[in-house]
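Me: I have a model open and a few things to ask about it. Can we go through them one at a time?
Reply: Go ahead.

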Amino acid sequence: MKQVYEFKDGGKEMVALLGGKGANLAEMAKINLPIPKGIIISTTACNEYFKNDKKLSSALEEEILTNIRVLEYETGKKFQSTKPLLVSVRSGAPVSMPGMMDTILNLGFNDYVAEKMLEITKDEKFVYTSYLRFVQMFSEIAKGIERKKFLNLKATDYKEQIIESKNIYKDECGEIFPENYKDQILIAVKSIFDSWNNERAILYRKLNNIDNNMGTAVVIQEMVFGNFNDKSGTGVLFTRNPSTGEDKIFGEVLLNAQGEDIVAGIRTPDNIELLKTSMPNIYNELTETVKRLEKHNRDMQDVEFTIEDSKLYILQTRNGKRTAEASLKIAMDLVKEGIITKEEAILKVEPASINKLLNGDFEEKYLKEATLLTKGLAASSGVAVGRIMFDAKRVKIREKTILVREETSPEDLQGMALAQGIVTLKGGATSHGAVVARGMGKCCVTGCSEIKIDEINKTMTVGKYTLKEGDFISVSGHTGEIFLGKIPLKENSFSDELKEFVSWASEVKRMGVRMNADTPEDVEQGKTFGAKGIGLCRTEHMFFKKDKIWTIREFILSDRGEEKEKALKKLHNLQKEDFLNIFKILDGDEANIRLLDPPVHEFLPKTLEDKKKMAEILSISLENIEKRIYRLKDENPMLGHRGCRLGVSYPELYRIQARAIVEAAYECAQKGIKVHPEIMIPFIMEAKELAYLRKEIEEEIESFFKEIGARVEYKLGTMIEIPRACLLADEIAEYADFFSFGTNDLTQMSMGLSRDDSVKFLDDYREKGIWEGEPFYSIDTKAVTKLVEIGVKNGKAAKPNLKIGICGEHGGDPKSIEFFEKNNFDYISCSPFRVPTAILAAAQSYL
Ligand code: PEP
Ligand code: MG
């Protein structure tokens with residue numbers, strides 16, 4: 001099977017085989033862009049290599065060398081000849097993993113080649129620095145010799161430095177530096193394959209959920225030299241601003257330099273605009289070429305280019321990483337420019353970006369009083385507040401930390417992932433820190449040259465301030481500003497642009513997206529975010545507001561009989577008023593109202609003062625109150641007298657709530673307001689429970705209808721949140737007009753993990769590799785989803801038209817939403833602030 005490809009043999013669609021870089025180069029070759037010639041060794045070859053105990057098969061070696069001969073023919077140059085060919089050897093995985101794997105430049109050098117290059121260029125410095133760079137890069141990448149070994153060479157002359165470096169190579173790996181190009185190539189290919197499994201690449205894949213079995217391709221490409229002369233240079237650009245999305249080329253160039261200088265952040269580059277004056281023709285050709293690329297690839301591009309002696313070469317292009325803000329703006333602009341469709345735009349924006357946009361800035365009024373420490377380059381937007389930490393390895397999960405580094409390197413990845421924000425003293429907008437932070441959607445400010453770090457005393461000084469590790473700073477990736485102390489964050493911003501985008505997603509999605517909302521204010525909020533209807537109104541939450549809590553306390557603590565009846569009446573009046581307001585705002589959208597499900601302990605008075613007040617309300621003694629509290633206390637409240645258990649003990653409670661709902665619905669209907677109430681019973685484990693409660697509620701509602709001589713339409717259904725209910729869903733469905741899966745309790749009960757306590761120990765599980773992720777955030781796809789599937793299947797078997805929704809926290813999580821779409825749920829429901837994200841995720845999982 002063919003394992004080595006010429007650029008002309010490939011195309012964009014061959015990413016899995018040729019890697020992102022290779023497939024892109026092939027695509028660029030197809031549209032005649034100026035690219036250096038080259039060949040690609042496939043990912044299949046890489047996987048074969050690993051299967052073959054990390055050995056290149058002789059067939060592969062032969063195929064590589066045959067293609068090298070083709071490359072020599074095409075370039076008109078020959079390895080180690082009078083017209084020498086030099087190449088770069090780069091990794092290129094199917095998924096972009098910036099800076100994670102290795103590259104070797106200037107391969108092909110030996111003393112003879114240096115001599116010939118000198119004859120051609122007459123530039124001793126250029127030739128010998130290129131040669132030296134090759135020797136050192138090859139030593140480091142192919143043989144793992146530490147870079148610092150080459151930092152303090154004794155020799156001052158380049159030629160001697162090369163000899164000294166080759167001697168280090170010999171000392172370190174016990175063999176002489178390979179002079180023959182064939183050896184150089186084969187060793188390089190092998191080491192690039194190996195870099196697929198280096199520590200940082202493995203970590204990056206883990207953090208980004210990238211398949212370990214993809215392997216990397218290797219691109220061998222003719223070298224072009226940005227450090228050839230003053231009419232040469234190298235640069236990186238984005239076809240649009242990756243921080244704001246503005247349709248303006250954004251990038252950096254370094255004249256007389258090689259590409260790695262920019263990426264490593266060693267020299268701070270100039271703005272791309274410099275080319276406009278220093279090489280106007282190249283600037284025009286470059287802007288025209290990259291726009292063509294953007295159109296062809298239908299997305300914002302991140303392009304690396306080199307100018308060699310006034311000739312432009314495009315080295316690579318890929319879809320550019322961008323901030324949430326840029327992601328939205330670019331997707332929408334591309335639609336407006338007719339380059340992509342709305343559906344494509346929807347697929348381009350990550351649901352998590354929406355959350356970031358809704359959460360992303362400082363409260364302006366506090367900014368005015370804040371102390372500005374310094375200003376760097378706004379490399380990745382968003383804001384972060386946290387404690388200073390200088391050591392990436394010591395950043396911990398759940399601690400609000402700002403990682404402050406001289407410059408970042410791929411070894412810092414874990415710390416960067418855990419930090420709230422990143423500040424670097426060196427580097428530009430395309431340095432490692434900036435690119436990785438943007439990919440992570442993390443606020444980042446680079447190039448803060450005014451900050452001085454004292455590693456020994458663990459302090460940093462900026463102007464007259466000296467801050468210790470652990471002190472708080474606030475960082476804005478929007479402006480590049482760094483402030484002293486903590487600045488409060490702005491609550492949210494639902495811009496017109498975001499609203500329009502969410503409305504596109506709304507048109508596309510199949511599932512309904514409702515809100516979990518308990519108060520008229522929540523409902524208002526959820527509606528502005530695009531929710532249609534309520535998926536869960538937790539009636540016990542309606543009492544969370546200060547003085548309302550006394551009504552529910554009164555009900556819980558009152559004795560049966562007159563006391564209870566009085567309490568119920570108050571409860572009824574209060575609830576009815578809330579329902580009326582909610583129905584009005586909903587204006588005809590469905591309202592799923594769940595009858596009381598209070599873990600009783602949350603509502604019992606705790607302080608002496610509160611107990612006294614309760615005694616006064618009920619006109620009983622304090623001692624009596626204490627007794628009643630004692631009696632009501634559950635040892636295990638989550639599985640205690642809650643949900644429908646309470647309804648079974650006190651059917652009058654559920655009756656009165658149901659009455660308040662239909663009364664409010666009737667009054668609204670009288671005023672011409674459409675209402676679709678859905679009464680939901682929580683915590684059902686047995687069909688007979690539901691049958692009993694349904695009968696009680698229906699009786700109450702029918703007696704109300706009799707009183708008024710009219711009816712209002714309503715539905716009565718249940719939550720499915722107990723494993724037993726999933727297994728017996730067919731029996732339960734007989735008495736339910738709808739199911740709503742309560743995946744919070746379902747997760748708690750099927751995994752035996754307390755919703756409230758598992759944060760204490762799940763970190764240990766994650767550290768020990770026993771568990772990944774957060775089961776109360778993203779649904780467990782191994783078992784909890786199975787229970788849900790059984791619940792859906794059994795429920796629908798008994799009642800094919802049974803309406804099915806979900807109202808646990810998972811209703812706002814994009815990965816879980818994919819599962820609900822796949823299982824044909826009618827709707828998902830989540831808290832108002834997660835609604836825009838859920839709408840986008842619902843649209844994406846449908847497309
Ligand atoms: C659930 O259990 O998933 C649910 C939505 O109900 P609650 O969170 O109120 O227990
Ligand atoms: Mg529940």
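Me: Which residues of helix H19 are buried?
Reply: In this predicted model, the buried residues of H19, which spans residues 520-528, are Asp522, Val523, Gly526 and Lys527.

Me: How do they fall, seen down the axis of H19?
Reply: They fall within an arc of 135°, so they line one face of the helix.

Me: Why would a spacing of three or four places matter?
Reply: An α-helix has 3.6 residues a turn, so residues three or four places apart point the same way.

Me: And what covers the buried residues of H19?
Reply: The cover includes strands E22 (512-516) and E23, along with helices H21 (562-586) and H33 (835-846).

Me: What follows H19?
Reply: Gly530 does, and its phi is positive, near 105°.

Me: Switching to the ligand. Which residues are around ligand 1?
Reply: Leu536, Arg538, Asp597, Glu721, Gly742, Thr743, Asn744, Asp745, Cys807 and Gly808.

Me: Which elements give two or more residues to that shell?
Reply: Strand E23 (534-538) and helix H29 (743-751). H29 gives the most, with three residues.

Me: How does the shell around ligand 1 divide into nonpolar, polar and charged?
Reply: Two residues are nonpolar, four are polar and four are charged.

Me: Last topic, domains. What does the assignment give?
Reply: Domain 1 is 224-322, domain 2 is 361-484, and domain 3 is 509-599 + 634-846.

Me: How far apart are domain 1 and domain 3?
Reply: Their C-alpha centres lie 55 Å apart.

How values were computed. Residues numbered from 1 in each chain as written. Chains lettered and ligands numbered in written order. Predicted model: local features only at pLDDT ≥ 70, side-chain atom pairs only at ≥ 80, totals over all residues. Domains from an automatic or database assignment. Near = placed C-beta within 6 Å. Helix = DSSP H or I, 4+ residues; strand = E, 2+ residues; numbered from the N terminus. Nonpolar A, V, L, I, M, F, W, Y, C, P; charged D, E, K, R; others polar. Buried ≥ 20, exposed ≤ 12 C-beta atoms within 10 Å, placed from the backbone. Arc of directions from axis to C-beta. Contact = placed C-beta atoms within 7 Å.
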